[in-house]
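Subject: The structure, and what turned up in it

Hi there,

Here is the structure I promised to send over.

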Amino acid sequence: LFPGLFTRHDGVSSFFVKDTIQVDQNVSRHLVDELSRDDWNLLILHYLGLDHVGHIGGRNSLLMAPKLAEMDEVVKMIHTSILTRENDQGWTLLVVVSDHGMTENGNHGGSSFEEADSLALFVGLRGHVSDYKSATQNTAQQVDIAPTLALLLGVPIPKNNVGVLIAETFDQLKGDHQLRALELNSWQLFRLLDAQISCLSCANISLNDFSDGQPSVTTECNDSLEKMFCCLYMNAAVLHSTWKSKKVSQSSSWEDYNSTVIAYRKFLKTATREVLLKPVDLLAFGVTAMLLSCLVLLSLTLHMGREINLVEKLHHYHSNNDMQMCFLDEIFVLGVILILVISMASSSMVEEEHYIWHFMTSSLFLYIYFFQMCSVFVLLISGRILRGCHQGGVNWTHLPDISKWLENSGGVHVKTVQLVSGVSVVILGFCFLSLLSSKKNVILVVGFNFLVSGLLVLVHIVKYQENAFARSSYGATISAQMIYAVLGSTTVGTAVLLPWFMPIQISKVGSSRDIYSSISVPSDVKDKSLLMALKDSLYVIGWAYIFCWCLLQLLLQQPINAMPILLLLVQILTSLLHFSYSGLHHKEWVEISALYFLGMAGHFALGNSNSLATIDVAGAFIGISSHSTLLSGVLMFIITYASPLLVLFALVVYMSVKGCLVTQNVDSGHLLQTMLGFPCLAPLTLNSILLTAYTIVLLLMRNHLFVWSVFSPKYLYVCATSVCIYVGIFVVATTGTYTYLVLGKRKMMQVSIINDRR
């Protein structure tokens, strides 16, 4: 951060979470030598091993006690050296600080007491009390550390800092020095106010106006906010000037000094609450752009809905009873969206958002499957188990749940659940691939490739996922990298190569030059064989995406999340079967919205929340042998958004099974529009509505007490969810378009060959 400023430094890689030993040895190896030198006046040591231990095994990890003992020895060594140095070189200050605490599972980033409670220990301060007086009851804000250290070390306070010096650390200084520290802190905050509030009535004042002047009388500060800042600062400056004048004449008193301190602290307390940058104009511009985007997506969705309705009426797809049911489920989905938007304005509902998704998703599927008791049973039972896997949110995480029960029952039970879930995922994948009975050769080739992947994942679970130590070993890293390679090559190979090898039957009608003569892509799709090949290809590719994603999550997720992954897969399979084979017809955007809700409910069922503390950092380093911000960031994103992306990948299968409703005598443009329209537009529109609504909420709540602890982290999740939606839709749209173009190209080539033979 400061090249050329330090006499000696050692910059090493320190954010590789699986490293709990070398990361601290890189710091301690210089300690003995540096403590024996006398050519420095500031030494900074950054220890990260304790944080890594927490991320890997939680605060009760077997590595925690040895690591704390190691840190004790470091502090002891430094303190012993301090006592020796002070005999020759004067006072030395040792500051031990931690930037955060941790939850039971070792994560942090939220606003709970366990995460926000951290240490600031000042050793070596000398005041009027014992050096070893207990200070455990004293509290300060983290932003107060910067001005405190700056003033103690005699350097300028960072110009954008909004902290207030910690008074107890200046007890060893004389009265005039303490007032000078308060004066500098106040002047720094006043300059920030001056830069942000253009109508300050005393914007042009300087320290010289108050340092050398005649004593004045202070005034009450009950005017507008701008005038109050100026009044409070002027009062403190006047009292300070008066005290200095009296001190010169040796007539100053304790009351004068105390009044000056109180005046400075009153100004600091008031100013630090207000001196925050709030670019409302930029936010308003952003909201306007989001509103326009939302309106465009809504208009496209409505336009496509009208076209689909017109086609359905012409072909009499729906009875009057079906139309009435469609109208009711549309009202329900719109009601869910409205409830979500309204709940965003409540900090408590943001913290416990998972309740809304679980309840609304179960209610919607109960209505959709009202006459399908088997589907109702599977969806609701699996949904209830998912709801009980993790006590999500913020306020009730301490309550018992299935994941805590599994963790307490021991590693054997967790591994058993993992293996059963992994085997079940493999079996379900093959069962649903086998539904494509007309393409046995394709099923055998694709199935064999994914069988190898599934076996590799199961072997990895047996050998390495029993504890955190095994998961961090060299063998586990090589095994995970092998699984990445096999899963990636198999999935990409299936998506790219399958359209080139999927059998296409050429009928006599389809061999006519009149249909396929002008362009490489057919202008009309009148041959049923091409439509069936397109549907079969998308079906296999979609299941390849789903199967690969589930196996990847079994590798990356916490062991206790293996069962939720299986249950999510069961819910998606049941939904797709119902949407394709049931006699009831629902609007496509309603079905896709139901899948979207299912993905968000699953997101919270995997232990996620709107707190940054629930992000699985340790899993982001599986299969990585050294720190890489890009790779670990991608893995962290994959772990966090496992459920929403799984649902989006399932839309490729949805395009295949819903293609049954498309008549064969339609042009290619309409076919692509029908297949890709709602699967792409519906998730984008839903996300756009929620993103725009929450941006407006955040703008309105910018002065809320919980803006940093609740609303801001939620907004980060909303933005990350938008990235997730766009990534998933890109995959869906690219897959559908590529498959169609390849099959169309092959169809034309086959027709051309047949006609040439004639």
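Below is what was found, taken topic by topic.

One thing to keep in mind throughout is that this is a predicted model.

**Salt bridges**

Let me begin with the charged side chains. In total, 11 salt bridges were counted.

One of them pairs aspartate 39 with arginine 8, with N and O 3.0 Å apart. Aspartate 39 sits in the loop between helix H2 (31-35) and helix H3 (49-57), while arginine 8 belongs to the segment before H1, so this contact ties together parts that are 31 residues apart in sequence. Aspartate 39 has a relative accessibility of 40% and therefore counts as partly exposed. Arginine 8 is partly exposed too, at 31% relative accessible area.

Aspartate 24 and lysine 67 make another salt bridge, and their closest N and O atoms are 2.8 Å apart. This pair links distant parts of the chain, with aspartate 24 in helix H1 and lysine 67 in helix H4 (residues 64-89), 43 residues apart. Are these two partners buried or exposed? Aspartate 24 has 0% relative accessibility, so this residue counts as buried. Lysine 67, at 5% relative accessibility, counts as buried as well.

A further salt bridge joins the side chains of lysine 404 and aspartate 401, at 2.9 Å from N to O. Lysine 404 is partly exposed, with a relative accessibility of 25%, whereas aspartate 401 is buried at 10% relative accessible area. Salt bridges with shared partners also connect Arg8, Asp33, Glu34, Arg37 and Asp39 into one network.

**A nonpolar patch on the surface**

Next, have a look at the nonpolar side chains at the surface. Which residues form the nonpolar patch there? They are Leu1, Phe2, Leu5, Phe6, Leu42, Ile44, Leu153 and Val155, and together these residues have about 890 Å² of accessible area.

**Two pairs of packed helices**

Two packed helices are described by the angle between their axes and the distance between the axes.

Helix H17 (residues 411-433) packs with helix H22 (residues 562-581) at an angle of about 20 degrees, and their axes are 8 Å apart. Angles under 35 degrees count as roughly parallel, and H17 and H22 are therefore roughly parallel to each other. The crossing of H17 and H22 is left-handed.

Helix H23 (residues 588-605) and helix H25 (residues 642-658) are the other pair, with an angle of about 155 degrees and axes 8 Å apart. An angle over 145 degrees counts as roughly antiparallel, which means that H23 is roughly antiparallel to H25. H23 and H25 cross in a right-handed way.

**Residues apart in sequence: how far in space?**

Finally, here are some individual residues, each with a C-alpha distance you can check on screen.

Valine 617 is in the loop between H23 and helix H24 (629-640). With a relative accessible area of 17%, valine 617 is buried. Between the C-alpha atoms of valine 617 and serine 632 there are 8.5 Å, and the two residues are 15 residues apart along the chain.

Leucine 268 is part of helix H10 (residues 254-274) and is buried, at 1% relative accessible area. How many Å separate leucine 268 and serine 186, C-alpha to C-alpha? The distance is 6.1 Å, for two residues that are 82 residues apart in sequence.

Phenylalanine 637 belongs to helix H24 and counts as partly exposed at 23% relative accessibility. The C-alpha atom of phenylalanine 637 is 8.4 Å from that of cysteine 724, a residue 87 residues away along the chain.

Cysteine 719 is found in helix H27 (residues 707-757). This cysteine is partly exposed, with 31% relative accessible area. Cysteine 719 and tyrosine 694 are 25 residues apart along the chain, and their C-alpha atoms are separated by 10.0 Å.

Definitions and conventions
Residues numbered from 1 in each chain as written. Predicted model: local features only at pLDDT ≥ 70, side-chain atom pairs only at ≥ 80, totals over all residues. Heavy atoms only, no water. Patch = residues over 30% accessible without salt bridge, like charges linked within 9 Å, V, L, I, M, F, W, Y side chains within 5 Å. Areas by Shrake-Rupley, 256 points an atom, 1.4 Å probe, with all protein chains shown as cover. Salt bridge = Lys/Arg side-chain N within 4 Å of Asp/Glu carboxyl O. Axes fitted to C-alpha atoms, helices over the stretch in contact; angles between N-to-C directions. Helix = DSSP H or I, 4+ residues; strand = E, 2+ residues; numbered from the N terminus. Parallel < 35°, antiparallel > 145°, perpendicular 65-115°, else oblique. Left-handed = near helix turned anticlockwise from the far one by under 90°. Buried < 20%, exposed > 50% of the residue type's maximum accessible area, 1.4 Å probe, protein only.
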